[in-house]
Amino acid sequence: MQFFETDFIKYRNDELYIEDVPLKQLTEQHGTPFYVYSKNHFIKQYRDFENAFKGTKHKIFYAMKANFNLSVVDTFVKLGSGVDVNSEGELFRALKTNVHPHSIILTGVGKTKDEIRLGIEKDLLLIKAESIEEVELINKIAGEINKIARVAIRVNPDVDPKTHPYISTGLANSKFGVDTRTALSLYSRRNEFKNIQFTGLDMHIGSQITSLDPFIEAVKKLCEMYCQLKKDGLKLDHFDVGGGIGVKYRNETPFNIEEYAEKLIPCFTKIDCEIIFEPGRYLTANGGILVTEVIYNMSNGDKRFIIVDSAMNDLLRPTIYHAYHHIQPVKRISSRNKIIADVVGPICETGDYFAKDREIFETKTGELLAVMSSGAYGMVMSSNYNARRRAPEIMVNGDKVSVARTRETFEHMLWDEQI
Ligand code: LLP
């Protein structure tokens with residue numbers, strides 16, 4: 001069994017630390033379960049990305065759906081990032097960080113009229129359109145309020161990203177984006193759309209992609225389309241590659257960001273516009289840990305269970321994608337036995353688990369476990385199922401600790417209900 005460590009999450013004298021703070025200390029101060037983030041991990045990931053593309057005209061728009069805590073979004077905004085928002089709620093949060101509207105992209109396959117109107121009124125950098133009807137609606141709404149909306153079409157390049165089917169978006173049978181023929185026809189109707197200025201060409205083929213080939217194939221296809229449009233007299237300002245870069249959860253060997261840049265940059269040589277990236281997971285996943293306490297150790301026949309105080313309402317990924325999250329003790333003890341067990345939560349669902357038939361060190365009641373790689377699509381997908389309070393989120397920067405979100409109270413959970 002291996003221990004999962006990163007530059008900012010490491011054992012020191014057999015105690016697991018995030019930056020310069022032991023998780024044990026955070027537990028004493030805040031109770032369990034809680035999410036904790038390493039600010040310097042976020043910063044490093046962002047800077048590595050920036051450096052990899054420093055010779056190329058580009059801009060990063062952090063996909064805040066991965067982790068929309070204000071302190072997290074603010075960290076990226078302060079580094080110069082734009083933000084990719086997928087709903088009015090995300091837009092509301094993004095604006096709270098004082099990010100300039102020209103650094104916001106409004107994405108989403110089912111934007112409502114209100115969301116589109118708001119996007120135009122706020123003068124966001126661009127609104128992505130994902131269907132013929134949506135382009136027509138954007139044009140109509142912009143006309144009603146006498147504005148010109150900047151629009152990019154999300155094109156579905158029909159490329160298999162070879163990831164979990166639930167997070168594959170670039171295949172012809174997915175609901176995302178329009179096919180290349182429809183996109184060309186929409187761009188060619190540009191004179192008809194009096195209140196739209198087409199400014200870009202967008203793609204996003206999926207998430208947790210660990211091979212470069214699907215990116216290269218899709219980018220090449222759409223760069224050809226960009227050149228075709230240019231020949232037809234439409235000069236676009238940007239090409240948006242989307243997000244999707246895979247990270248290490250277990251023993252995957254994802255490409256690193258330098259390889260990604262090295263392989264993609266040559267594909268862009270024929271196009272002379274800004275390249276946009278929308279990473280979410282790459283920036284945040286391995287900067288977060290969900291810390292939980294063991295409540296019981298039990299067996300049913302040969303089957304062993306470790307019951308912890310966190311549950312699928314806190315971290316849904318194992319339940320819905322069978323996603324692997326490494327689980328390790330906060331206190332490393334070399335003399336422990338290894339066992340095979342399920343790590344499960346207290347919710348009344350068989351699907352409420354973090355690990356199944358996992359080789360894991362034997363645990364004691366009351367000890368702490370770290371569920372690793374929980375910085376992306378963790379807290380944002382949490383719920384109040386079983387009327388459980390949502391966990392707090394703590395940000396660590398060196399030896400400084402700040403509470404980015406407090407633990408929800410039962411009163412919080414009732415604020416909008418009445419009898
Ligand atoms: N841009 C668009 C248009 C997207 O739909 C997404 C993610 C991203 C960017 C960011 O992708 P990333 O770099 O994080 O892969 N809940 C799932 C992941 C869903 C991803 C949805 N779209 C999970 O837990 O794995």
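Visitor: Which polar side-chain atom lies 2.8 Å from a nitrogen atom of the ligand?
Guide: The model is predicted: local features need pLDDT of at least 70, side-chain atom pairs count only at pLDDT 80 or more, and totals for chains, interfaces and linings use all residues. Residues are numbered from 1 along each chain as its sequence is written, and side-chain values use heavy atoms, with hydrogens and water left out. A polar contact is a pair of N or O atoms within 3.5 Å. At 2.8 Å from a nitrogen atom of the ligand lies a polar side-chain atom of Tyr321.

Visitor: How much of the ligand's area does the protein bury?
Guide: Accessible areas come from the Shrake-Rupley method with a 1.4 Å probe. The ligand taken alone exposes 590 Å², and the share buried by the protein is 92%.

Visitor: An oxygen atom of the ligand is 2.8 Å from a polar backbone atom of which residue?
Guide: For the side chain of Arg281, an N or O atom is 2.8 Å from an oxygen atom of the ligand. For the backbone, the polar atom at 2.8 Å from a ligand oxygen belongs to Gly244.

Visitor: How many residues surround the ligand?
Guide: A residue is near a molecule if one of its heavy atoms lies within 4 Å of it. The closest are Ser207, Glu278, Arg317, Tyr321 and Tyr377, and the number surrounding the ligand is 19.

Visitor: From which domains does the shell around the ligand draw at least three residues each?
Guide: Domain bounds come from an automatic or database domain assignment. The shell draws at least three residues from each of domain 1 (9-38 + 285-414) and domain 2 (107-279).

How values were computed: A polar contact is a pair of N or O atoms within 3.5 Å; within protein, one must be able to donate a hydrogen and the other to accept it, and residues adjacent in sequence count only if both atoms are side-chain atoms.
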